[in-house]
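Hi,

Here is the structure I promised to pass on. Have a look at it first, and then read my notes below.

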Amino acid sequence: MIVTEEQVLKGKSLSELERFFEALGQPRFRASQAFRRINRHLAQSLDEFTEFPKALRATLADQGALPELPVVKSVLSEDGTERFVFDAGHLGRSEAVREIEAVWLVSPRRRTVCISSQVGCTLNCRFCATGTMVYRGNLETWQIVDQVYELIRRKGEAVTNVVFMGMGEPFHNYENVIRAAHILHHPEGLNLGARHITISTAGVIPSIERFIKDREPFNLAISLNHANAAERGAIMDVDRKYPLDKLLEVARRYTRTLDRKITFEYVMIPDVNMGPENAARLVKIGRSVRCKINLIPLNTNLQGWRRPTAAEIEEFQSTLLDADLPVFNRGSPGKDIDAACGMLALAGATT
Ligand code: SF4
(Lines give C-alpha, C1' and ligand atoms only; values in the text may rest on other atoms or scores of the structure.)
Protein backbone atom coordinates (compact mmCIF):
# COMPACT_ATOMS: atom_id res chain seq x y z
CA MET A 1 0.00 0.00 0.00
CA ILE A 2 1.35 3.45 -0.86
CA VAL A 3 1.06 5.66 2.21
CA THR A 4 0.51 9.36 1.65
CA GLU A 5 1.87 12.00 4.04
CA GLU A 6 -1.71 12.80 5.03
CA GLN A 7 -2.26 9.22 6.25
CA VAL A 8 0.77 9.10 8.56
CA LEU A 9 -0.56 9.59 12.09
CA LYS A 10 2.86 9.63 13.80
CA GLY A 11 4.46 13.07 13.73
CA LYS A 12 1.11 14.86 13.56
CA SER A 13 0.38 17.55 16.13
CA LEU A 14 -2.80 17.31 18.18
CA SER A 15 -4.54 19.91 16.00
CA GLU A 16 -3.51 18.06 12.84
CA LEU A 17 -4.95 14.86 14.29
CA GLU A 18 -8.15 16.75 15.13
CA ARG A 19 -8.47 17.76 11.49
CA PHE A 20 -7.74 14.19 10.41
CA PHE A 21 -10.46 12.70 12.62
CA GLU A 22 -12.88 15.47 11.74
CA ALA A 23 -12.48 14.55 8.08
CA LEU A 24 -13.45 10.98 9.06
CA GLY A 25 -16.57 12.34 10.79
CA GLN A 26 -15.19 11.48 14.23
CA PRO A 27 -15.42 13.53 17.44
CA ARG A 28 -12.44 15.59 18.63
CA PHE A 29 -11.58 13.36 21.59
CA ARG A 30 -10.50 10.63 19.17
CA ALA A 31 -7.58 12.88 18.24
CA SER A 32 -6.46 13.15 21.89
CA GLN A 33 -6.78 9.40 22.31
CA ALA A 34 -4.74 8.75 19.17
CA PHE A 35 -2.11 11.36 20.17
CA ARG A 36 -1.67 9.68 23.56
CA ARG A 37 -1.48 6.17 22.06
CA ILE A 38 1.21 7.24 19.60
CA ASN A 39 3.28 9.69 21.62
CA ARG A 40 2.91 8.52 25.21
CA HIS A 41 2.25 4.79 24.94
CA LEU A 42 4.42 4.55 21.80
CA ALA A 43 1.97 2.31 19.96
CA GLN A 44 3.50 0.27 17.17
CA SER A 45 0.26 -0.83 15.59
CA LEU A 46 -3.24 0.54 15.13
CA ASP A 47 -4.46 -2.61 16.95
CA GLU A 48 -3.17 -0.99 20.13
CA PHE A 49 -5.81 1.75 19.84
CA THR A 50 -8.02 -0.39 22.07
CA GLU A 51 -10.30 2.48 23.08
CA PHE A 52 -11.41 2.80 19.45
CA PRO A 53 -14.45 0.82 18.27
CA LYS A 54 -13.59 -2.01 15.88
CA ALA A 55 -15.20 -0.26 12.93
CA LEU A 56 -13.08 2.85 13.48
CA ARG A 57 -9.93 0.75 13.74
CA ALA A 58 -10.82 -0.85 10.40
CA THR A 59 -11.32 2.61 8.87
CA LEU A 60 -7.96 3.69 10.28
CA ALA A 61 -6.23 0.60 8.91
CA ASP A 62 -7.51 1.71 5.53
CA GLN A 63 -7.01 5.45 5.78
CA GLY A 64 -4.26 5.92 8.35
CA ALA A 65 -0.77 4.57 8.89
CA LEU A 66 1.66 4.17 11.76
CA PRO A 67 5.05 3.66 10.10
CA GLU A 68 8.22 2.80 11.99
CA LEU A 69 11.85 3.60 11.39
CA PRO A 70 13.58 0.22 11.30
CA VAL A 71 16.81 -0.23 13.25
CA VAL A 72 19.45 -1.72 10.97
CA LYS A 73 21.97 -2.24 13.73
CA SER A 74 23.04 -1.08 17.18
CA VAL A 75 26.45 -1.04 18.86
CA LEU A 76 27.02 -0.74 22.59
CA SER A 77 30.04 1.07 24.04
CA GLU A 78 31.90 0.13 27.20
CA ASP A 79 30.74 3.42 28.73
CA GLY A 80 27.04 2.60 28.20
CA THR A 81 26.61 4.79 25.11
CA GLU A 82 24.76 2.98 22.33
CA ARG A 83 24.72 3.91 18.65
CA PHE A 84 21.66 2.99 16.58
CA VAL A 85 21.60 2.97 12.80
CA PHE A 86 18.16 3.41 11.22
CA ASP A 87 16.95 2.94 7.68
CA ALA A 88 15.33 6.26 6.86
CA GLY A 89 13.65 4.91 3.74
CA HIS A 90 13.79 5.98 0.18
CA LEU A 91 14.94 9.55 0.41
CA GLY A 92 16.67 11.00 -2.62
CA ARG A 93 17.18 9.22 -5.92
CA SER A 94 19.76 6.63 -5.04
CA GLU A 95 19.06 3.87 -2.60
CA ALA A 96 22.73 3.50 -1.73
CA VAL A 97 22.92 5.53 1.47
CA ARG A 98 19.86 6.32 3.47
CA GLU A 99 21.01 5.54 6.95
CA ILE A 100 20.70 7.87 9.88
CA GLU A 101 21.96 7.44 13.40
CA ALA A 102 20.78 8.19 16.91
CA VAL A 103 22.78 7.80 20.11
CA TRP A 104 21.72 6.77 23.61
CA LEU A 105 23.85 8.51 26.24
CA VAL A 106 23.91 7.68 29.93
CA SER A 107 25.06 9.66 32.93
CA PRO A 108 24.15 9.23 36.61
CA ARG A 109 21.11 11.51 36.40
CA ARG A 110 20.31 11.53 32.71
CA ARG A 111 19.25 9.36 29.83
CA THR A 112 19.78 11.44 26.72
CA VAL A 113 18.91 10.66 23.11
CA CYS A 114 20.90 12.46 20.43
CA ILE A 115 18.86 12.44 17.22
CA SER A 116 19.32 13.22 13.54
CA SER A 117 17.30 15.69 11.51
CA GLN A 118 18.65 15.09 7.99
CA VAL A 119 20.17 12.26 5.97
CA GLY A 120 23.65 13.73 5.57
CA CYS A 121 24.32 17.45 5.80
CA THR A 122 25.16 20.19 3.33
CA LEU A 123 27.35 22.19 5.69
CA ASN A 124 30.60 20.25 5.53
CA CYS A 125 32.13 21.27 8.87
CA ARG A 126 35.70 20.01 8.52
CA PHE A 127 35.75 17.97 11.74
CA CYS A 128 32.46 16.16 11.12
CA ALA A 129 31.99 12.83 9.35
CA THR A 130 28.34 13.57 8.54
CA GLY A 131 29.49 16.48 6.38
CA THR A 132 31.33 14.01 4.14
CA MET A 133 28.16 12.00 3.41
CA VAL A 134 26.15 12.53 0.27
CA TYR A 135 23.19 14.64 1.34
CA ARG A 136 19.90 12.79 0.83
CA GLY A 137 17.30 15.09 2.30
CA ASN A 138 15.32 16.13 5.32
CA LEU A 139 13.69 13.71 7.71
CA GLU A 140 9.93 13.86 8.17
CA THR A 141 8.60 14.81 11.59
CA TRP A 142 7.58 11.21 12.31
CA GLN A 143 11.08 9.99 11.45
CA ILE A 144 12.54 12.43 13.97
CA VAL A 145 10.27 11.53 16.91
CA ASP A 146 10.43 7.82 16.10
CA GLN A 147 14.19 7.77 16.82
CA VAL A 148 13.34 8.71 20.43
CA TYR A 149 10.40 6.30 20.65
CA GLU A 150 12.38 3.37 19.28
CA LEU A 151 15.26 3.93 21.70
CA ILE A 152 12.88 4.14 24.67
CA ARG A 153 11.26 0.85 23.61
CA ARG A 154 14.62 -0.87 23.10
CA LYS A 155 16.24 0.39 26.29
CA GLY A 156 13.10 0.01 28.43
CA GLU A 157 13.95 3.26 30.19
CA ALA A 158 12.49 6.76 30.21
CA VAL A 159 14.38 9.52 28.45
CA THR A 160 15.22 12.69 30.36
CA ASN A 161 16.80 14.76 27.56
CA VAL A 162 16.70 14.99 23.80
CA VAL A 163 19.38 16.79 21.81
CA PHE A 164 19.17 17.60 18.11
CA MET A 165 22.90 17.08 17.61
CA GLY A 166 22.98 13.99 15.41
CA MET A 167 23.24 14.03 11.63
CA GLY A 168 22.24 17.18 9.82
CA GLU A 169 21.74 20.86 10.47
CA PRO A 170 18.42 21.01 12.35
CA PHE A 171 17.69 24.55 11.15
CA HIS A 172 17.87 23.38 7.53
CA ASN A 173 14.83 21.26 8.41
CA TYR A 174 13.28 23.91 10.64
CA GLU A 175 9.56 23.11 10.42
CA ASN A 176 9.90 19.37 10.99
CA VAL A 177 12.41 19.83 13.82
CA ILE A 178 10.27 22.37 15.67
CA ARG A 179 7.15 20.26 15.17
CA ALA A 180 9.01 17.21 16.51
CA ALA A 181 10.25 19.16 19.54
CA HIS A 182 6.70 20.31 20.34
CA ILE A 183 5.39 16.75 20.07
CA LEU A 184 8.10 15.48 22.45
CA HIS A 185 7.29 18.37 24.81
CA HIS A 186 3.51 17.91 24.70
CA PRO A 187 1.91 17.00 28.08
CA GLU A 188 -0.17 14.27 26.37
CA GLY A 189 2.99 12.81 24.87
CA LEU A 190 6.36 12.21 26.56
CA ASN A 191 5.96 15.54 28.36
CA LEU A 192 9.68 16.31 28.20
CA GLY A 193 10.48 19.69 29.72
CA ALA A 194 11.32 22.34 27.12
CA ARG A 195 14.67 22.92 28.83
CA HIS A 196 15.39 19.23 28.43
CA ILE A 197 15.19 19.57 24.66
CA THR A 198 18.20 21.21 22.98
CA ILE A 199 18.41 22.21 19.34
CA SER A 200 21.91 22.78 18.05
CA THR A 201 22.73 24.85 14.99
CA ALA A 202 26.00 25.57 13.22
CA GLY A 203 24.76 29.16 12.96
CA VAL A 204 21.91 29.55 10.47
CA ILE A 205 21.02 33.12 11.42
CA PRO A 206 17.58 33.53 9.75
CA SER A 207 16.33 30.41 11.55
CA ILE A 208 17.74 31.60 14.88
CA GLU A 209 15.86 34.85 14.32
CA ARG A 210 12.68 32.91 13.64
CA PHE A 211 13.26 30.81 16.75
CA ILE A 212 13.53 34.02 18.81
CA LYS A 213 10.53 35.67 17.15
CA ASP A 214 8.36 32.60 17.81
CA ARG A 215 9.68 32.49 21.37
CA GLU A 216 10.33 28.77 21.09
CA PRO A 217 10.76 27.37 24.61
CA PHE A 218 13.58 24.94 23.79
CA ASN A 219 17.28 25.32 24.59
CA LEU A 220 19.40 26.67 21.79
CA ALA A 221 23.01 25.63 21.25
CA ILE A 222 25.39 27.11 18.71
CA SER A 223 28.26 25.06 17.37
CA LEU A 224 30.85 27.84 17.61
CA ASN A 225 34.19 26.05 17.18
CA HIS A 226 36.29 29.13 16.57
CA ALA A 227 36.57 32.42 18.41
CA ASN A 228 38.48 34.13 15.61
CA ALA A 229 36.19 35.70 12.99
CA ALA A 230 38.92 35.56 10.36
CA GLU A 231 39.49 31.83 10.78
CA ARG A 232 36.13 30.26 11.57
CA GLY A 233 35.20 30.06 7.87
CA ALA A 234 38.16 27.77 7.25
CA ILE A 235 36.63 25.04 9.40
CA MET A 236 32.91 25.82 8.96
CA ASP A 237 31.45 26.75 5.55
CA VAL A 238 28.39 28.22 7.26
CA ASP A 239 30.53 31.10 8.54
CA ARG A 240 31.05 32.42 5.02
CA LYS A 241 27.32 33.04 4.73
CA TYR A 242 26.63 33.88 8.37
CA PRO A 243 29.82 35.33 9.86
CA LEU A 244 30.82 35.12 13.50
CA ASP A 245 30.17 38.78 14.44
CA LYS A 246 26.60 38.59 13.09
CA LEU A 247 26.11 35.23 14.78
CA LEU A 248 27.18 36.62 18.14
CA GLU A 249 24.86 39.59 17.65
CA VAL A 250 21.87 37.27 17.17
CA ALA A 251 23.04 35.09 20.10
CA ARG A 252 22.98 38.20 22.30
CA ARG A 253 19.50 39.02 21.05
CA TYR A 254 18.39 35.46 21.94
CA THR A 255 19.62 35.78 25.51
CA ARG A 256 18.10 39.24 25.98
CA THR A 257 14.73 38.59 24.32
CA LEU A 258 14.10 35.19 25.87
CA ASP A 259 16.03 35.85 29.09
CA ARG A 260 17.97 32.61 28.74
CA LYS A 261 21.54 31.47 28.45
CA ILE A 262 22.74 30.13 25.14
CA THR A 263 25.05 27.12 24.88
CA PHE A 264 28.21 27.35 22.81
CA GLU A 265 29.82 24.12 21.69
CA TYR A 266 33.50 24.21 20.92
CA VAL A 267 35.31 21.28 19.30
CA MET A 268 38.93 21.63 20.44
CA ILE A 269 41.43 21.18 17.62
CA PRO A 270 45.12 21.71 18.45
CA ASP A 271 46.93 24.18 16.16
CA VAL A 272 43.58 25.27 14.73
CA ASN A 273 41.38 26.79 17.42
CA MET A 274 43.21 26.24 20.73
CA GLY A 275 46.18 27.95 22.37
CA PRO A 276 46.26 31.08 24.57
CA GLU A 277 45.10 33.55 21.87
CA ASN A 278 41.99 31.59 21.01
CA ALA A 279 41.26 30.96 24.68
CA ALA A 280 41.47 34.72 25.29
CA ARG A 281 39.13 35.38 22.35
CA LEU A 282 36.68 32.83 23.69
CA VAL A 283 36.80 34.49 27.10
CA LYS A 284 35.89 37.78 25.42
CA ILE A 285 32.93 36.13 23.70
CA GLY A 286 31.88 34.40 26.92
CA ARG A 287 31.86 37.73 28.73
CA SER A 288 29.77 39.42 26.06
CA VAL A 289 27.03 36.77 25.73
CA ARG A 290 25.17 35.04 28.59
CA CYS A 291 26.32 31.52 27.86
CA LYS A 292 27.50 28.13 28.92
CA ILE A 293 30.44 26.64 27.01
CA ASN A 294 30.74 22.93 26.23
CA LEU A 295 34.22 21.85 25.19
CA ILE A 296 34.52 18.71 23.06
CA PRO A 297 37.87 17.14 22.17
CA LEU A 298 38.23 16.47 18.43
CA ASN A 299 37.04 12.92 17.72
CA THR A 300 37.82 12.53 14.01
CA ASN A 301 40.97 12.87 11.94
CA LEU A 302 39.35 13.71 8.62
CA GLN A 303 41.82 16.55 7.96
CA GLY A 304 44.82 14.90 9.55
CA TRP A 305 44.23 17.01 12.66
CA ARG A 306 45.04 15.41 15.97
CA ARG A 307 43.07 15.10 19.18
CA PRO A 308 44.17 17.45 21.99
CA THR A 309 46.16 15.97 24.86
CA ALA A 310 44.79 16.05 28.41
CA ALA A 311 47.30 18.83 29.24
CA GLU A 312 46.19 20.96 26.26
CA ILE A 313 42.55 20.54 27.22
CA GLU A 314 43.27 21.45 30.82
CA GLU A 315 45.21 24.56 29.85
CA PHE A 316 42.49 25.75 27.45
CA GLN A 317 39.71 25.05 29.93
CA SER A 318 41.51 26.67 32.86
CA THR A 319 41.79 29.99 30.99
CA LEU A 320 38.01 29.98 30.68
CA LEU A 321 37.46 28.84 34.27
CA ASP A 322 39.83 31.53 35.54
CA ALA A 323 37.57 34.05 33.80
CA ASP A 324 34.64 32.62 35.80
CA LEU A 325 32.87 31.27 32.74
CA PRO A 326 30.62 28.20 33.06
CA VAL A 327 32.66 25.77 31.00
CA PHE A 328 32.44 21.99 30.84
CA ASN A 329 34.56 19.38 29.14
CA ARG A 330 31.99 17.02 27.61
CA GLY A 331 34.60 14.39 26.77
CA SER A 332 33.96 11.78 24.12
CA PRO A 333 31.30 9.31 25.25
CA GLY A 334 30.92 6.50 22.75
CA LYS A 335 34.19 7.21 20.91
CA ASP A 336 35.06 3.50 20.79
CA ILE A 337 31.87 2.79 18.78
CA ASP A 338 32.07 5.88 16.50
CA ALA A 339 29.19 7.50 18.37
CA ALA A 340 30.98 10.56 19.78
CA CYS A 341 30.43 14.08 18.53
CA GLY A 342 31.35 14.49 14.84
CA MET A 343 31.65 10.75 14.26
CA LEU A 344 28.16 9.84 13.07
CA ALA A 345 28.27 8.31 9.60
CA LEU A 346 31.87 7.27 10.09
CA ALA A 347 30.99 3.62 10.43
CA GLY A 348 27.32 3.40 9.42
CA ALA A 349 25.95 -0.11 9.49
CA THR A 350 29.06 -1.62 8.02
CA THR A 351 31.06 -2.22 11.20
S1 SF4 B 1 28.68 19.44 12.58
FE2 SF4 B 1 26.48 19.46 12.20
S3 SF4 B 1 26.20 21.12 10.72
FE4 SF4 B 1 28.37 20.60 10.66
S5 SF4 B 1 28.56 19.07 9.00
FE6 SF4 B 1 28.27 17.94 10.94
S7 SF4 B 1 26.07 17.57 11.02
FE8 SF4 B 1 26.38 19.22 9.53
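First, a term you'll need: a residue is buried if 20 or more other C-beta atoms lie within 10 Å of its own, exposed if 12 or fewer, and partly exposed in between, with C-beta atoms placed from the backbone. By that count, 46% of the 351 residues of the protein are buried.

Keep in mind that this is a predicted model: local features need pLDDT of at least 70, side-chain atom pairs count only at pLDDT 80 or more, and totals for chains, interfaces and linings use all residues. Residue numbers start from 1 along each chain as its sequence is written.

Now the overall shape. The C-alpha trace spans about 70 × 45 × 40 Å along its principal axes. The radius of gyration (taken over C-alpha atoms) can be held against a globule rule of 2.2 Å times the number of residues to the power 0.38. For 351 residues a compact globule would come out near 20 Å, and the protein has 21 Å, which agrees.

Next, the pieces. There are 11 helices and 12 strands in the protein; these are DSSP runs numbered from the N terminus, helices being H or I with at least four residues and strands E with at least two. Two strands pair if DSSP finds at least two bridges between them. Ten strands make an open sheet with mixed pairing, in the order 1-2-3-4-7-8-9-10-11-12. At its edges are strand 1 (71-76) and strand 12 (327-329), each pairing on one side only.

Two pairs to click through:

- Strand 8 (residues 197-201) and strand 9 (residues 219-223) are parallel, over 4 bridges. Here threonine 201 stands opposite isoleucine 222.
- Strand 10 (residues 262-268) and strand 11 are also parallel, over 7 bridges. Phenylalanine 264 has isoleucine 293 of strand 11 as its bridge partner.

How enclosed is strand 11 (residues 291-297)? Largely, because 6 of its 7 residues are buried.

Finally, the ligand. Which residues surround it? They are Cys121, Leu123, Asn124, Cys125, Cys128, Thr130, Gly131, Met167, Gly168, Glu169, Ala202 and Ser223. A residue counts as near a molecule if its C-beta atom, placed from the backbone, lies within 6 Å of it. The shell has 6 nonpolar, 5 polar and 1 charged residues. Ala, Val, Leu, Ile, Met, Phe, Trp, Tyr, Cys and Pro count as nonpolar, Asp, Glu, Lys and Arg as charged, and the others, Gly among them, as polar.

Cheers
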